[in-house]
Amino acid sequence: GRARGLRVNPEAGLRERGFGDFEGKTFAEIEALLPEQSLRWRKRDPEFAPAGGESLQALSQRVVEATERLAARHPGELIALVGHGGVMDVLYRAATRQDIQAPRTWQLGNAAINRLLWTPDGLSLVGWADTQHLDNAVRDENHA
């Protein structure tokens, strides 16, 4: 397909969660080196932040505020936000009014399209984890 020349505007508010001292380490290394912190992280303690990192509460607040600010700037328009799984998880929870510690029952697929509607009352869910555009027949430019 042809590029449409859309402008990309980086938005710091939509960056992935900062993991501080956890960054660059495997799950096993974190568990071995920092067992108490590892447990708090695995239990999704909303207030826990690795040293130099950010808590789930801080992540959630940052992502929702950035999303609402961007949406409010474009009333009645369609905008595309691109982010990592943790960002998408926050947006799903916000749109479905689920607690930050609720067990995840939804998918966070790579390159999936997730559709949300924003009004001044907040986000609501329109569609989630759509990967039809990744199907082989859709990707084939010669497919009629």
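**Labels and their cut-offs**

Guide: Start with the largest pocket: α3 (56-72), α4 (85-96), β1 and β2 (122-130) each supply at least two residues of its lining. The largest share, six residues, comes from β1. This is a predicted model: local features need pLDDT of at least 70, side-chain atom pairs count only at pLDDT 80 or more, and totals for chains, interfaces and linings use all residues. Residues are numbered from 1 along each chain as its sequence is written, and side-chain values use heavy atoms, with hydrogens and water left out.

Visitor: What makes a stretch of the chain count as a helix or a strand?

Guide: Helices (H or I, at least four residues) and strands (E, at least two) are DSSP runs, numbered from the N terminus. In the protein chain that comes to five helices and two strands. Their order is α-α-α-α-β-β-α.

Visitor: Why is R93 called buried?

Guide: Buried means under 20% relative accessible area, exposed over 50%, partly exposed in between (1.4 Å probe, protein chains only). R93 has 5% relative accessibility, so it counts as buried. D89 is at 4%, so D89 is buried too. Of the 144 residues of the protein chain, 26% count as buried.

Visitor: What makes D89 and R93 a salt bridge?

Guide: The rule asks for a side-chain nitrogen of Lys or Arg within 4 Å of a carboxyl oxygen of Asp or Glu. D89 and R93 meet at 2.8 Å, N to O. They pass. Both sit in helix α4, four residues apart, which means about one helical turn between them.

Visitor: Which other residue meets D89 in a salt bridge?

Guide: R104 does, at 3.0 Å, N to O. R104 lies in the loop between α4 and β1 and D89 in helix α4, so this pair ties together parts that are 15 residues apart in sequence. R104 has a relative accessible area of 44%, so it is partly exposed. R44, D89, R93 and R104 are linked in a network of salt bridges. By the rule, the count comes to eight salt bridges.

Visitor: How do you know that D130 forms a salt bridge with R115?

Guide: The closest N and O atoms of D130 and R115 are 3.1 Å apart. That passes the salt-bridge rule. The pair links distant parts of the chain: D130 is in strand β2, R115 in strand β1, 15 residues apart. D130 is partly exposed, at 21%. R115 is also partly exposed, at 38%.

Visitor: Why does R17 have no salt bridge?

Guide: The nearest side chain of opposite charge, E54, is 6.0 Å away. Lys and Arg count as positive and Asp and Glu as negative; His and the chain ends are not counted. The side chain of R17 reaches the backbone oxygen of F48 at 3.3 Å. A polar contact is a pair of N or O atoms within 3.5 Å; within protein, one must be able to donate a hydrogen and the other to accept it, and residues adjacent in sequence count only if both atoms are side-chain atoms.

Visitor: Why is W118 called partly exposed?

Guide: W118 has a relative accessible area of 25%, so it falls in the partly exposed range. W118 is found in strand β1 (residues 113-119). Contact means heavy atoms within 4.5 Å. Not counting residues up to four places away in sequence, W118 touches E68, A71, A72 and L123.
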